[in-house]
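Here are some notes on the salt bridges in this model. Please read them with the structure open.

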Amino acid sequence: MRLDKYLKVSRIIKRRTVAKEVADKGRIKVNGVLAKSSTDLKTGDEVEIRFGNKLLTVRVLEMLDSTKKQDADKMYDIISEQRIESNEEI
């Protein structure tokens, strides 16, 4: 599944267009490598997302096309969530 679609379906990011913009600005890494919105995700991948001064790292558990809220919670596991200084790099 494409990275931007996964982020939307899993409800990590609310809209697919926003997920695409975040990825295109270089704020998302998959398994430590900068990712584009079209990057193909697989079960077990680790995704790092930088939201302003927050760094969220999740592990992909499932690939579901469903948008039901109870299913979205099962799609990923939060590995870490931390605040970062504005001058730090991811």
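1. Start with the network: salt bridges link Arg 2, Asp 4 and Arg 16. A salt bridge here is a side-chain nitrogen of Lys or Arg within 4 Å of a carboxyl oxygen of Asp or Glu. The structure holds five of them.

2. A word on the basis. This is a predicted model, where local features need pLDDT of at least 70, side-chain atom pairs count only at pLDDT 80 or more, and totals for chains, interfaces and linings use all residues. Residues are numbered from 1 along each chain as its sequence is written, and side-chain values use heavy atoms, with hydrogens and water left out.

3. Asp 4 pairs with Arg 2, with 3.0 Å between the closest N and O atoms. Asp 4 is buried, at 3% relative accessibility. Arg 2 is partly exposed, at 34%. (Buried means under 20% relative accessible area, exposed over 50%, partly exposed in between; 1.4 Å probe, protein chains only.)

4. Asp 4 also bridges to Arg 16, the closest N and O atoms being 3.4 Å apart. Asp 4 sits in helix H1 (residues 3-9) and Arg 16 in helix H2 (residues 16-24), so the pair ties together parts twelve residues apart in sequence. Arg 16 is partly exposed, with a relative accessible area of 33%. Helices (H or I, at least four residues) and strands (E, at least two) are DSSP runs, numbered from the N terminus.

5. Glu 46 and Arg 59 form another salt bridge, at 2.9 Å from N to O. This pair links distant parts of the chain, 13 residues apart: Glu 46 is in strand S3 (residues 46-51), Arg 59 in strand S4 (residues 54-60). Glu 46 is partly exposed at 31%. Arg 59 is partly exposed at 32%.
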